[in-house]
Amino acid sequence: LKELLVFRHAKTERDSVSGRDFDRELASRGLRDAQAAGSWLKEQDCVPDRVVCSTAARARQTAELTCRACGFDQRNIEFEKAIYEAFTGTLFDVVSRHMDCDRMMLVGHNPGFEMLVASLSGRHVTMPTAAIARLEWTEPPTDLTAQKASLAAFWTPKNGDLGL
């Protein structure tokens, strides 16, 4: 693993038909923002070679729309139930199982994603919906806790690339 894209799902509806948080879908702004995220990834020549996504409806929709917009085959998205409501330890486990790829995109939720970025890079960023934190390692880590990543880029639909 050389790069990790930590991607918080896009803006959602307040409620779901079922009343369950897990089933909430994207709002119209979220649909637009997910596509914009994919366009940014493509413009940055930063298309992932692996996408691992929460099984929650909003994360699935975000990943599918973003992948379509950046050119990643959405049939290859891997879904991990453990990402939903996960904190740093669980997210480390998920990422560690995918260290064999060069650029991985993880699609999921806060507060775990903000904590993951802080833990891996030593920098805290506030991740609004559809934010992407791009983490890079100078050498592929054998252990995620052994070497800090650099926060190479941070993108939000509202502010664009914040040019770190």
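Thr 156 belongs to strand β6, which spans residues 150-156; strands here are DSSP runs of E with at least two residues, helices are runs of H or I with at least four, and both are numbered from the N terminus. The model is a predicted one, in which local features need pLDDT of at least 70 and side-chain atom pairs count only at pLDDT 80 or more, while totals for chains, interfaces and linings use all residues. Residues are numbered from 1 along each chain as its sequence is written, and side-chain values use heavy atoms, with hydrogens and water left out.

Thr 156 counts as buried because its relative accessibility is 3%, where buried means under 20% relative accessible area, exposed means over 50%, and partly exposed lies in between (1.4 Å probe, protein chains only). Leaving aside residues up to four places away in sequence, Thr 156 touches Pro 128 and Ala 131, a contact being heavy atoms within 4.5 Å. The side chain of Thr 156 also reaches the backbone nitrogen of Asn 159, at 3.0 Å.

From this strand we can turn to the aromatic rings. A pair of aromatic rings is described by the distance of the centres and the angle of the planes. The structure holds 2 aromatic pairs; rings of Phe, Tyr and Trp (its six-membered ring) pair if their centres lie within 6.5 Å, and planes under 30 degrees apart count as stacked, over 60 as edge-to-face and the rest as tilted. Phe 22 and Tyr 84 form an edge-to-face pair, with 5.0 Å centre to centre and 90 degrees between the planes. Phe 22 lies in the loop between β1 (3-8) and α1 (28-43), and Tyr 84 in the loop between β3 (78-80) and α3 (88-96), so this pair ties together parts that are 62 residues apart in sequence. Trp 40 and Trp 155 form a stacked pair, 5.8 Å centre to centre and with 20 degrees between the planes. This pair links distant parts of the chain, since Trp 40 is in helix α1 and Trp 155 in strand β6, 115 residues apart. Trp 40 is buried, with a relative accessible area of 5%, and Trp 155 is buried, with 6%.

Helix α3 remains to be considered. In α3, Thr 88, Leu 91, Phe 92, Val 94 and Val 95 are buried. Seen down the axis of α3, these buried residues fall within an arc of 160 degrees, so they line one face of the helix; the arc is that of the directions from the helix axis to the C-beta atoms. The buried residues of α3 pack against β1, β2 (50-54), β3, β4 (103-108) and α4 (112-121).

Notes:
A polar contact is a pair of N or O atoms within 3.5 Å; within protein, one must be able to donate a hydrogen and the other to accept it, and residues adjacent in sequence count only if both atoms are side-chain atoms.
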